[in-house]
Amino acid sequence: MSALAIVQTQNLSKTYGANNSVNKVDLRVQEGEIYGFLGPNGAGKTTTLKMLLGLVKPTEGTIHIFGENLSKHRPSILQRTGSLIESPSYYGHLTGLENMKVMQRLRNVPDKNVHEALRIVRLENQKNKKTEQYSLGMKQRLGIAMALLAFPKLLILDEPTNGLDPAGIGEIRELIKSLPERYGITVLLSSHLLSEIEQIATSVGIITQGNLLYQGSMASLRQKNRNAIFMKTGDNAKAEQLLLTQGYSPAQSGSRLELGTLQDTEVAEMNRLLVEHRIEVTRIEEQKTSLEDIFLELTGKGRSL
Ligand code: ATP
């Protein structure tokens, strides 16, 4: 049985002038997931997330959150959703705690939420400092604390680790990872960094130029992480014919034959066959396709991560 879809979009599109910033995207975020929305700069991540929050009006398509249509039930959906899109908004002349209290009044939640959210993001000791004196990491944590304030069922974070140092990134990552289990929060976050998504997400959606190219569990993306065997022989054409008759699937690849993923015993058997047929085997190599290669294959080479 499939888990409940917390976010489900159909044909979701946004056009600015002649440009399709988001093109017929069917997003599906399931309950309890950390869904990583991955794509290079300008891919359409922020535009999509803004549409989910009703901040940008879709040109086409539908959005269901918690199974309800966003265009019909926006206030009740947003009450159960926390978000941090682009930079956090706060009053610099107020302290972290005072900023939280401003948000508390808007959200109408009890005091204990304020303290719990500050505790989770580890800002308790800095809560009486003016936020204009906060470091970038502290500001980002305050933004997350504000998004957490009502302990939403869904948390949407746009590039939450942007601009942070490695220690700060690690801290935010651990914090986000703990949310589904400890607080029953489903997280949808975006990033342009594959390494980041790889370390944090349980599911991934890959978007480029407005098109969702892949969506699925991180585990199935990793399964694409294949290791292929390549062989170089004295006569690749003859070797290819021979291996084909033996049920293998060789393919010419430059000066080598690509043989796909094979067991050790199959490699040994192939080698024996070729030698028996007086075809010299000059090289047997294993080539690993990393997640980064898969990402580049999907998004088109030359695009930055
Ligand atoms: P980044 O990681 O750089 O923030 P992104 O994946 O979030 O990128 P978006 O900000 O969603 O990408 O932008 C997608 C495309 O839509 C870009 O080509 C951008 O220029 C365009 N775009 C976004 N907002 C607007 C707007 N208000 N008016 C016109 N074009 C826009």
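Which residue has a side-chain N or O atom 2.6 Å from an oxygen atom of the ligand? That residue is Thr46, and this report starts from there.

The model you are looking at is predicted: local features need pLDDT of at least 70, side-chain atom pairs count only at pLDDT 80 or more, and totals for chains, interfaces and linings use all residues. Residues are numbered from 1 along each chain as its sequence is written, and side-chain values use heavy atoms, with hydrogens and water left out.

**Around the ligand**

The residues around the ligand include Tyr16, Ser21, Pro40, Lys45, Thr46, Thr47 and Glu159; to be listed, a residue needs a heavy atom within 4 Å of the ligand.

| Residue | Part of the residue | Distance to a ligand oxygen |
|---|---|---|
| Ala43 | backbone N or O atom | 3.0 Å |
| Lys45 | polar backbone atom | 2.9 Å |
| Thr46 | side-chain N or O atom | 2.6 Å |

On its own, the ligand has 640 Å² of accessible area, and the protein covers 54% of that. These areas come from the Shrake-Rupley method with a 1.4 Å probe; for residues, only the protein chains shown count as cover.

Helix α1 (residues 45-52) gives the most to the shell around the ligand, with three residues. Helices (H or I, at least four residues) and strands (E, at least two) are DSSP runs, numbered from the N terminus. Six of the eight residues of α1 are buried, among them Lys45, Thr47 and Leu49. Buried means under 20% relative accessible area, exposed over 50%, and partly exposed in between (1.4 Å probe, protein chains only). After α1 comes Gly54, with a positive phi near 70 degrees.

**Two buried serines**

Ser191 sits in strand β9 (residues 186-191). Ser191 counts as buried because its relative accessibility is 2%. The side chain of Ser191 reaches the backbone nitrogen of Leu193 at 2.9 Å. Beyond residues up to four places away in sequence, Ser191 touches Lys45 and Glu159, among others; contact means heavy atoms within 4.5 Å.

Ser203 belongs to strand β10 (residues 203-208). With a relative accessible area of 7%, Ser203 is buried too. Its side chain makes a polar contact of 2.7 Å with the side chain of Glu33.

**Cores and domains**

The domain assignment, which is automatic or taken from a database, gives domain 1 (1-80 + 152-225 + 290-305), domain 2 (89-150) and domain 3 (227-288). Taken over C-alpha atoms, the centres of domain 2 and domain 3 are 61 Å apart.

A nonpolar core is a set of buried Ala, Val, Leu, Ile, Met, Phe, Trp, Tyr and Cys residues joined through side-chain atoms within 4.5 Å. The largest one has 44 residues, and Met100 and Leu148 touch the most other members. Helix α5 (residues 136-148) gives the most to this core, with seven residues. Domain 1 and domain 2 each supply at least three residues to this core. Apart from it lies another core, of 25 residues, including Ile6, Phe37, Leu52 and Leu154.

Notes
Polar contact = N/O pair within 3.5 Å; in protein donor to acceptor, adjacent residues only side chain to side chain.
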